Amino acid sequence: MTQPIDRESAGRTEYRYIHALRLLACWLVIVNHTHGELLHYDAPDALFLYALSFSVCKIGVTLFVMISGILLLERDYDVKKTAWYITRALVLLIGMSALLALWQEGPAGLLPRRFLPALLAGPRMAPYWYLYALPVFYLVVPFLQKMTRSFRLRDYVLFTVFLLLLPGAVEVLRVWGGPPVSSAFTLALLPAFVTIAVAGKAVSLLPLRRGGAAGALALLLLVWGVYFASFYRPALRERVAELDTWAQLPAVIMAGCCVYLFRFFRAAEGLRGRSAAVLREIAGTSLGIYVFHPVLNHRVHEQGFILSLYARSPVAGALAHTLCLFLLSGLIAFLLRRVPLIRKFL
């Protein structure tokens, strides 16, 4: 969810395809958090659409992490810059935790003896795990920058294969009936969050060729099919999907393919002047959308017209639910970003 560096003011080329990727990622994250209602229907097509939808939306957070790697690993950050990013993430974490405590428990929830233990115990809403991960990620970014400074493309590729794809492939084989493999084999590996960020940087350096784009599209569709089956098959057996996470191999491969394809087709690169500024501003609300949409989710869902749509068609209801939540969260973030002090944090 890292905000993009203002490259135009720094005299550098702006990566507009990243703005488009951030909007896609934001939409997919909201899909992931709203479409569970599709499971409340017994029709076979509802189950099919659930698996189809979730197998795509799980790449939302993965895309955000890859974008962070692309933006943060291209130049060194000093102590002051790193401290600012950490402070910014902590302010968002503490601020949202305080608002949720006030909402859920009233003024008593803000008492230090209740608030601090609850803050350290974990997020009050599941999506806010990301705010817990961000401060520590920013803490290790300077070391990642130093580590990758001398990396060539081959080094990035080998790093990704050995630290991410290889253990991820073992996990996929296990889920699809392979022998159990001890997690002790992967204890020495870097966390998936860090490794996926480096993988995003690797994909951003791959040469752009027509054959590469065709291969990325074919790989995306192939892995999507496997990922879909990993949701659909357990659901038919009334089991929870075992690959249901942003950090699993299918989500990482699909996200990497999206980054490559958006680069190849130069997504949004044709925009200039006012159009480019509008795209940049909308993309700038992505962190705010991520922060606000979990709080608004159930409020939006309980609106009469949304419920009536769900009653008539789960697909129409899910689409309207997601669109309203995306627009409302984006509007709140946009308005708050008009306030100079708040803009620094959103």
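Where does Arg149 lie? In this predicted model, Arg149 is found in the loop that runs between helix 6 and helix 7. The residue is exposed, with a relative accessible area of 53%. Its side chain makes a polar contact of 2.7 Å with the side chain of Asp76. From Arg149 to Leu187 the separation is 38 residues in sequence and 25 Å in space, C-alpha to C-alpha.

Helix 8 spans residues 192–205 and has 14 residues. From its first C-alpha to its last it reaches 20 Å, close to the 20 Å expected at 1.5 Å a residue. Twelve of the 14 residues are buried, so helix 8 is largely enclosed by the rest of the structure. Among the buried residues are Phe193, Ile196, Gly200, Lys201 and Ser204. The elements that cover them include helix 1 (16–34), helix 3 (59–72), helix 6 (129–148), helix 7 (153–175) and helix 10 (249–264).

The largest nonpolar core has 90 residues, of which Ile59, Leu63, Val65, Tyr130, Phe137, Tyr138 and Val259 touch the most other members. Helix 1 supplies the largest share of this core, eleven residues. Leaving aside residues up to four places away in sequence, Ile59 touches Leu28, Ala251, Met254, Ala255 and Cys258.

A search of the whole structure finds six salt bridges. One of them joins Arg124 and Glu105, whose closest N and O atoms are 2.9 Å apart. This pair links distant parts of the chain, with Arg124 in the loop between helix 5 (112–121) and helix 6, and Glu105 in helix 4 (residues 79–105), 19 residues apart. Arg124 is partly exposed at 23% relative accessible area, and Glu105 is partly exposed at 32%.

Arg338 forms a salt bridge with Glu281, the closest N and O atoms lying 2.5 Å apart. Arg338 is in the loop between helix 14 and helix 15 and Glu281 is in helix 11, so the pair ties together parts that are 57 residues apart in sequence. Arg338 counts as partly exposed, at 42% relative accessibility. Glu281 also forms a salt bridge with Arg343, with 3.3 Å between the closest N and O atoms. Here the link runs from helix 11 to helix 15, across 62 residues. Arg343 is partly exposed, with a relative accessible area of 34%. Glu281, Arg337, Arg338 and Arg343 are linked in a network of salt bridges.

Key. Residues numbered from 1 in each chain as written. Predicted model: local features only at pLDDT ≥ 70, side-chain atom pairs only at ≥ 80, totals over all residues. Heavy atoms only, no water. Helix = DSSP H or I, 4+ residues; strand = E, 2+ residues; numbered from the N terminus. Expected span 1.5 Å × (residues − 1). Buried < 20%, exposed > 50% of the residue type's maximum accessible area, 1.4 Å probe, protein only. Contact = heavy atoms within 4.5 Å. Core = buried A, V, L, I, M, F, W, Y, C linked by side-chain atoms within 4.5 Å. Polar contact = N/O pair within 3.5 Å; in protein donor to acceptor, adjacent residues only side chain to side chain. Salt bridge = Lys/Arg side-chain N within 4 Å of Asp/Glu carboxyl O.
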